Amino acid sequence: MAVLDRMNSMFRRAPRWTYIALALAFALIFPVLEQYGVIETLWLRLGTRTLVYVLLAVGLNLVLGETGLLHLGYVAFFAVGAYTTASLSSPRLGYHWNFWVIIALAMLLSMLFGFFIGLPTLRLRGDYLAIVTLAFGEITRITFNNWESVTNGPGGIPGIYAPNLFGWVVDKPGEFFYLLLAAVIVVVWLLNNIKTSRIGRAWNALREDEIASHHSGVRPLQAKLLAVVLSSGVAGLAGAIFAYYQQFINPTYFLFMQSTIVVCMVVLGGMGSIPGAVIGAVVLDTTPELIRQLFTKWLPDAVGADFLPGVQTALQQDFDRYRMLIFGLAIVLMVIFRPEGLLPNKLWRREVHEDDPRDQANTRQHMFDAEKGAQDLEA
Amino acid sequence: MHWTGDMRMWQGNTRKVLALLLALAVAVSMFGLVGCGDDDADTEDTDTTSTEGTTETIKIGVATSLTGGLADYGFAAAEALKIAAVDFSGFEIDGVTYEIELIIKDDKGEPAEAPVVAQQLLDEGVVAVIGCLTSGNTKASLPIYQAAGIPLISGSATRPDLTELDFENFFRTCLRDDLQGAAIGEWAVELGSEKVVVMDDRGDYSVALADEVIKTLDAAGVEVSREEGQEGDVDFSAQVNNIKAFAPDTVIFTGYHREAGLLFKQLVEAGVEAQFMGGDGIKSNDIGDEAGGAENVEGALCTFGGFAQENMPGYTAFADAFMAATGKEAGPYAENNYDALGAVVAAMQLAGSTEGADIIDALHEVEYDGVQGALTFDSIGDVAVPGGGGTELIPRFEYKSGVWEFIE
């Protein structure tokens, strides 16, 4: 873990934009690598799905990380967006609406949905909010499952048309990659601006102490509602593009497990940190595949089929079956050794490691001591 | 002093702008390349130096669920296919002997994972894919296989609409749910039912089955009332009340045995005296325990979605081979997966080619003698059996003192 710590301090020391530019440049040339056969199409297809999760994680970070609301029904808004696309751009109901109209409508519908769910539930705190949002997530899925006249119930909606952006028909993984990348960049830029604005500080204040912030002039319900509505819009956007990309959706895409995974992405990436949410999504979505490739391809290719001496060869060939086990183990280790997440923001990091010597300079006691010393000197 | 400060800021900004411009330039140039790049990835080893006696290896993909809730079905499919790969390896086309290499990939039973697995198999260069395990995953990956011109043959995706989605590359070696649904309906009519309750669990499989049962019952003029539960429910008192008020002579539940057991128990306790029926979802001997005692299920009837084991010519030999290879009983749909690979090999021999498009064409023509009997595929890719694939194929079972017994 020391390596990660060092990387983290390096990250903080070096100017931030170099890393952002590097990540952006890598993302931009990623589909080109596939074009030239440097990487297999699999990685592009996986990367595209990862970008959907990046959108979701960045959106949930607003509620979970910034405002500190444990929201366990986030996938419901993702579902609203996906079903908007599927209903209005497939042979199911016979509509073939414009891409931009659908995107706008998907975001609007999920924001409305977020508003009406948020209004009664956001008066609750902590565990109660978690339970109620969980229930709403499940109710949404069951509704889509039963609303057969529109959603075709459990059979799902196949044959979703490819989107047409001013004449550019997006139907290859690489094209979807760029479309999603553009969405991620716009959303991250917007959310980053909001984060450092007045309302962003109000959210952080709410997270730290709701009563104190209320007495300092923050309206809790209003601020929370804004966070929930905005993040619902991001989920709706992600869902709408995801449905286009998959060309098929059914209710099993929107199980409670999906909400949990997005929560894990935010927590493992580092609560309240946008780069953290991005890294969390990338790591959690790609690791199972990396483990699979490592054990079924890279290791056998490099070392030979008998890459784990002493383990049955048949077992080694069946590694596909054990990858989720290894994945789970990796997460547990990560939570033990790095509870603040991969790229946490400063505040959250300090909360988890209260006695971190590197942050000593910023603690209240130290400041008090320094102040006192200065006063003594003056005297 | 003043201007140096400005200078530094200016430099910092320039660097920022430069970096962004660079990234953009890279992106724009590459964007063009992505746009006009041809899909010429498939022009690989076509060295047709097919001299007598050479041996080549062809890759067949397997997309199934080795983890997740349906892992037992996935295990049965993967093991059956491993046996099949050994059995069918060494077939000849134009003097070239072909060995089969299976590429087995786990899709966790999640539709979001299915396209990733599909792409992985295509990257490996497979000529055909056996899968997927579930209808949802099949729908999610079919567009990708279609674009690549690779046939997908499922041994267990039974949802009726799969073959009606205009994918010419999809085939299946299992029977459709609507055939079973019709068989349940016909059976209920044969028994002289006049008022029937049909209940499903809102699952993919269950709803399609219930729809078909109702269609058959409606056609026969039977009075039908529909109820629904959710998979995982434990309390059915609302439905039991409705059923009691309707006073049916037959109750058909198209979900799985766990819910069926609880439902039957609660119906018996409420004093409903009706004939209980179900599909292959309730065909588990555990249902007696789940219903709080075998007496609550005694006399219940069920059907099965595949051919009766007793009617499959090659089943005994296959089950023995499966037992020898894995030490376990052949699981559900194992034989269908075995036959799927057999049909692909037969199609390749018929076509005299190992190209995906040729295999797709040949699968429509091929007649393959497999574990389940002589199989052919109809024009939309459903399995057809010589002598008509009617409801008489569906085997029937009755629950007698703790076990489901086959009815001749």
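Two residues are taken to be in contact if their C-beta atoms, placed from the backbone, lie within 7 Å. The structure is a predicted model, in which local features need pLDDT of at least 70 and side-chain atom pairs count only at pLDDT 80 or more, while totals for chains, interfaces and linings use all residues. Residues are numbered from 1 along each chain as its sequence is written, and chains are lettered from A, with ligands numbered from 1, in the order in which they are written.

On the criterion of contact given above, the interface takes 37 residues from chain B and 36 residues from chain A. On the side of chain B that touches chain A, at least two residues each are supplied by α1 (2–36), β3 (96–106), α3 (114–124), α4 (135–148) and α6 (204–219) of chain B; helices (H or I, at least four residues) and strands (E, at least two) are DSSP runs, numbered from the N terminus. The largest share of this side, ten residues, comes from α1(B). By class, the side comprises 21 nonpolar, seven polar and nine charged residues, where Ala, Val, Leu, Ile, Met, Phe, Trp, Tyr, Cys and Pro count as nonpolar, Asp, Glu, Lys and Arg as charged, and the others, Gly among them, as polar. For the complex, the predictor gives an ipTM of 0.80 and a pTM of 0.81.

The pLDDT, the predictor's confidence in each residue from 0 to 100, averages 83 over chain B, and 86% of the residues of that chain score at least 70. Over residues 1–10 of chain B the pLDDT is below 50, and this stretch has zero contacts in the model beyond near neighbours in sequence. Residues 29–50 of chain B likewise have a pLDDT under 50, although the model has 15 contacts for them beyond four places in sequence.

In chain B, six strands form an open sheet of mixed pairing in the order β2-β3-β1-β4-β5-β6, two strands being paired if DSSP finds at least two bridges between them. Because β2 (91–93) and β6 (170–172) of chain B stand at the edges with a single partner strand each, one side of each is left without a neighbour in the sheet. The twist averages 35° from one strand to the next; axes are lines fitted to C-alpha atoms, for helices over the stretch in contact, and angles run from 0 to 180 degrees between N-to-C directions. Strands β1 (residues 55–64) and β4 (residues 128–131) of chain B run parallel and are joined by four bridges, with B:Ile130 of β4(B) as the bridge partner of B:Val62. Helix α2 (residues 71–88) of chain B packs on the sheet, where it touches β1, β2, β3 and β4 of chain B, and its direction makes about 170° with that of β3(B).

Helix α8 (residues 257–269) of chain B has 13 residues, which should span 18 Å at 1.5 Å a residue, in agreement with its end C-alpha atoms being 18 Å apart; the expected span is 1.5 Å times one less than the number of residues. Eleven of the 13 residues of α8(B) are buried, so this helix is largely enclosed by the rest of the structure. A residue is buried if 20 or more other C-beta atoms lie within 10 Å of its own, exposed if 12 or fewer, and partly exposed in between. The cover of the buried residues of α8(B) includes α7 (237–246), β9 (250–253), β10 (275–278) and α9 (287–290) of chain B.
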